[in-house]
Amino acid sequence: MTTRRQFITTGTSALAGRGLSRGAEEDSKGWIDAHVHLWPKETKKYPVAKGYDKSGLRAGFTAEDLFAECHPQGVSRIVLIQMSFYRFDNSYMLHVMSKHKGVFAGVAIIDENAPSLAHRMRKMRTRGVRGFRVYANAKNASAWKDSKSMHAMWREAAENGQSICCLADPDALPAITRLCRKHPETPVVIDHFARIGMRGPVDQDQLDQLLKLADFKHVTVKTSAFYALGAKKAPYMDLGPMIRQLRDAFGAERLMWASDCPFQVEGGHSYRDSIALIRDRLQFLSGEERDWMLRKTAERIFL
Ligand SMILES: [Zn+2]
């Protein structure tokens, strides 16, 4: 009989090449972008979920489109985030991941209320899925405390070393804090600074709530989506004080840079300006801290 631990160990080692692999070359260079969405140019083979409207979005953003942006900046590995309009159908993301072995890890979206949740989560791990995205607005997240399946998901994530990746609004932070308190061993990733600064300058009260999550040692924060926050204007130096406070509270080893492509390369914004903020511009970051934010933290969380 296979115990759960053996299952996880075997599953992990047998498929070690599926996630982000650590080659000798990547050790010496090669940054990791911890948050990108891809979708195909034609969606006949991968139709979008019922009720979703993708008009208004670009026709497609493929791995090749991404490489054209990220390779010139020294980014060689990427964490893919399931695109919203595919809802629970992760097949395109999984297809891209298997086509480019060692390049991508994935964050999937699953229905936590459908049967066999634990089995589905473990199975996805063998295909390189290292996390699950949840939408954390105040209404959704406040319902979590009474949701058996959400608690089961957080428990199972802790067992598998998969992360709960929260696309959070600032007003969902109290509910996220409650779940962290209940499941302190669950790895949790907060996307895009919990979107603090989305509606204008950074609000210090909201940031203080995010900083308090540093008490939970398995919480990490993505410093990402610069195009959408604060002044929303390159070189994004107005976000520096928020990043500095996060560095002081969490340490760079719990922060991850990400572009949120393709949205970072639209409307006059560029990939280079995104990575340059962390890599070249913020002078309070040491070389070692840049290394954590641009590679090592994502390697630890998503490898
Ligand atoms: Zn995104």
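Predicted model: local features only at pLDDT ≥ 70, side-chain atom pairs only at ≥ 80, totals over all residues.
Residues are numbered from 1 along each chain as its sequence is written.

- Strand E5 spans residues 163-168, where strands are DSSP runs of at least two residues (E), helices are runs of at least four (H or I), and both are numbered from the N terminus.
- Six of the six residues of E5 are buried, so the strand is largely enclosed by the rest of the structure; buried means that 20 or more other C-beta atoms lie within 10 Å of a residue's own, against 12 or fewer for exposed and in between for partly exposed, with C-beta atoms placed from the backbone.
- In a regular strand, side chains alternate between the two faces of the sheet.
- From E5, Ser163, Cys165 and Leu167 point one way, while Ile164, Cys166 and Ala168 point the other way.
- E4 (residues 129-136) runs parallel to E5, joined by six bridges; strands count as paired if DSSP finds at least two bridges between them.
- Within this pairing, glycine 131 stands opposite serine 163.
- E5 also pairs in the parallel sense with E6 (residues 188-190), over three bridges, and here cysteine 166 is opposite isoleucine 190.
- Helix H8 (residues 173-182) carries the chain from E5 to E6 in a right-handed β-α-β crossover, meaning that, with the strands pointing away from the viewer, the path from the first strand over the helix to the second runs clockwise.

- E6 and E7 are parallel partners over three bridges, and together with helix H9 (residues 204-212) they form a right-handed β-α-β unit.
- E7 (residues 219-224) is mostly covered, with six of its six residues buried.
- Val219, Val221 and Thr223 point one way from E7, and Thr220, Lys222 and Ser224 point the other way.
- Four bridges pair E7 with E8 (residues 255-258) in the parallel sense, and methionine 256 is the bridge partner of lysine 222.

**Nonpolar core**

- The largest nonpolar core has 88 residues; such a core is a set of buried Ala, Val, Leu, Ile, Met, Phe, Trp, Tyr and Cys residues joined through C-beta atoms within 7 Å.
- Helix H12 (residues 287-302) gives the most to this core, with six residues.
- Among the residues with the most contacts inside the core are Val79, Cys166 and Ile190.
- Leaving out residues up to four places away in sequence, valine 79 touches Ala34, His35, Ala105, Val107, Ala298 and Phe302; contact requires C-beta atoms, placed from the backbone, within 7 Å.

- Helices H5 (residues 117-125) and H7 (residues 148-160) pack at an angle of about 35°, with their axes 10 Å apart; axes are lines fitted to C-alpha atoms over the stretch in contact, and angles run from 0 to 180 degrees between N-to-C directions.
- Residues of H5 including Leu117 and Met121 meet residues of H7, among them Ala152 and Met153.
- Tyrosine 92 lies in helix H4 (residues 91-99) and counts as buried because it has 20 C-beta neighbours inside 10 Å.
- Apart from neighbours within four places in sequence, tyrosine 92 is in contact with Trp39, Pro40, Tyr46 and Tyr86.

Notes:
Contact = placed C-beta atoms within 7 Å.
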